[in-house]
Amino acid sequence: MALTRAARAPWGEAAAAWMLSAPAVLAYVLMLALPTLATVLLAFTDFELGATGFRWIGLDNFAEMLSDRGFGISLRNTLIYVGLVTPGSIAGALALALLIEAGLRGRTLFRAVFFLPVVSLTVAMAAAWQYLLHPTIGPLNAMLRLAGLGAPEWLSSSSTVLVSLAAIGIWENLGFNLVLFLAGLTAIPRELYAAAEVDGARSAWDRFRLVTWPMLGPTTLFVLTITMIRAVRVFDTVAVLTQGGPNKASQVLLYTMYEEGFTYFRLGYSAAVTLVFLAIVLAIMWLQTKLLDKRVHYV
Amino acid sequence: MTEFTGHPPPGGIHIRAVEKRFGHTQVLRGVSLDIAAGEFVALVGPSGCGKTTLMRIVAGIEQADAGSVAIGDRDVTRLRPGDRDVAMVFQSYALYPHLTVAENIRVPLALRRLNAWQRLPLLGGWMPGAADEGHRMDQEVRRAAEALGLRALLDRRPAQLSGGQRQRVALARAIVRRPAAFLMDEPLSNLDASLRVQTRREIVDIHRQAGAATLYVTHDQSEALTMADRVAVMQDGELLQVATPEAIYADPADLRVATFIGSPRINTLPAEAGTDGMVRVGGHPVGLWGARPGPLTLAIRPEDLLPAATGLPARAEALEFLGESLLLHARHEATGAPLVLRLPPEMRPDLPPGGSAFALQFDTSRALLFGPEGHRVGASVLSGMHALV
């Protein structure tokens, strides 16, 4: 018995290993690897949904992007959106986390309140925002009018639409970042604050500079990466509230991809846009591991 | 190690009737303690006795509910930790992990001598006066680091250091500013045994060179006895006795002090003083006289007990060989009280085997008597080395 098992071990072990990992491998290949590969291949074709055939057109799709005004605007808008949402939601979440951590009561309450946007359906919440920001019946403009200030057309003016969407984006990401920062804050040893006090760090700012900020380094890096990726992925608020308008002023990368693929059925071109999106996400992740990683991990 | 001497700071630490409660738990019950300038006092007690709380109150990290703390001739009870002129070594060392050794040692200097503008990263160095002060601070950091043999490690970060090295960085950070008072919270408890003994000496040396009043908290009685000028024994939020190590060991004022200090634990036997004043154990006089009639506890250190031809009847249980001595575990026949004898190893062949009965004698002049409340009771010695049966 022992002998046969020993003889069969290399075979049996490998087979068992494959069988055990088969579901995960299968899911990975079917759901992630194959679609990605298909997208990459599609990006070099002129395939259109419903067409009977397609041609390999090499880099033509990418060449078209360079001259496509719509794509240029959507790339620029996406970068502006990321540039507003990332610092806004990180600074806001950090400030709130410090306030909640310093407060004596209501930790769980505040955490739940600010986390709500993360667990709620963005599409449903977008409807609420549409009402809040409505130029004539919205409560925000009603308040502004009461205060005697102007009434901007938030989502329907090309000069304010991106800022309005970014504000919603900050609101969406704040809770998630807040919970991460709160977790990071609890992990800071209390003795470090005591040491900072004894060493003469009298003001809250001194203690923040000496202990909190450096010790939050790993958390901040993670929050930064995740927020940037989440911001690049902005789609549902745009799709529900503005459809990229007015006059392409809120056209973003993923919405362009969606339009090209599912409104104009140009799947080849849409796949090429997707590749650009993928490249941006990968670049952010590369930046995290290469540039910042060594400066924030101590142990 | 090079010398790190300076003018000895004046003052000392003066704790007056400090009380502290956390919720319904009274942690400190009116503790008073005076530590002279240049004195090293070890505060020792079992965990949870309030010793760390007392130290944190002296540092200002915790606020006392009542009482006062003075450092030097300044009442600091209401001052922030940074304004008290104390330095503290934490049990976990509490080094800033993102700063190098040199930067860690520099922190207490920079926070006190540079203003907020001069401490700005990058820009700070260009502020007026920052460069001169920075140069002076670098020199002081170097001197403190040299005093602790850290010169080669100045550019490392705490994560790259061993436990002993981190401990020395924490010490250097404490001495660099020459504070009036040092507070040390179990600084050796995270080191392995051999390093602990070596570092014990180094801390005493550093203390002697720096000359500040030092309060050293530990639960390890051997640290307290070997390092301190005076030992303060604390239990249940009270100071039971403050005295030299010799007095704490040989002349404890309280049964709790006697049982806490000394390893193995002091032997205790239930005893009684009769109306004639004679002290008896299990009905037999033991050669002590003069206590007030009533129940007593007789306490004898393990090294003061000896097997003999006649004496207190006991039964041997087990023998432990420690190298420099032997421990004979036994039980007092009449009361069943456990007894430990510390004996020279040469006596091994003559000792009673496990399970056999033998007799015990003790040095009556070194026996200690305690009343029912645990307070020390005086008695006269009737006979020198004998336990009458």
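How far apart do the C-alpha centres of domain 1 of chain B and domain 2 of chain B lie?

**Figure 1. The two domains of chain B.** The separation between the C-alpha centres of domain 1 of chain B and domain 2 of chain B is 41 Å. Domain 1 of chain B covers 12–250 and domain 2 covers 264–381, with bounds taken from an automatic or database domain assignment. The model is predicted: local features need pLDDT of at least 70, side-chain atom pairs count only at pLDDT 80 or more, and totals for chains, interfaces and linings use all residues. Residues are numbered from 1 along each chain as its sequence is written, while chains are lettered from A and ligands numbered from 1 in the order in which they are written.

**Figure 2. The fold of chain A.** Chain A contains 13 helices and zero strands; helices (H or I, at least four residues) and strands (E, at least two) are DSSP runs, numbered from the N terminus. Chain A has a radius of gyration of 25 Å, well over the 19 Å that the globule rule gives for 299 residues, so chain A is more spread out than a compact globule. This radius is taken over C-alpha atoms, and the globule rule is 2.2 Å times the number of residues to the power 0.38. The C-alpha trace of chain A spans about 70 × 65 × 30 Å along its principal axes. Of the 299 residues in chain A, 31% are buried (20 or more other C-beta atoms within 10 Å of the residue's own, with C-beta atoms placed from the backbone).

**Figure 3. The contact between chain A and chain B.** Chain B gives 20 residues to the contact and chain A gives 16 residues; two residues are in contact if their C-beta atoms, placed from the backbone, lie within 7 Å. On the side of chain B that touches chain A, strand E6 (86–89) and helix H2 (101–113) each supply at least two residues. H2(B) provides the largest share of that side, four residues. The residues on this side of chain B comprise 14 nonpolar, three polar and three charged. Here Ala, Val, Leu, Ile, Met, Phe, Trp, Tyr, Cys and Pro count as nonpolar, Asp, Glu, Lys and Arg as charged, and the others, Gly among them, as polar.

**Figure 4. The surroundings of Leu188(B).** The loop between strand E7 (181–185) and helix H5 (193–210) of chain B holds Leu188(B). Leu188(B) is buried, as 25 other C-beta atoms lie within 10 Å. Not counting residues up to four places away in sequence, Leu188(B) touches Arg196(B), Thr199(B), Arg200(B) and Glu223(B). Asp220(B) is 32 residues from Leu188(B) along the chain, and their C-alpha atoms are separated by 9.5 Å.

Key:
A residue is buried if 20 or more other C-beta atoms lie within 10 Å of its own, exposed if 12 or fewer, and partly exposed in between; C-beta atoms are placed from the backbone.
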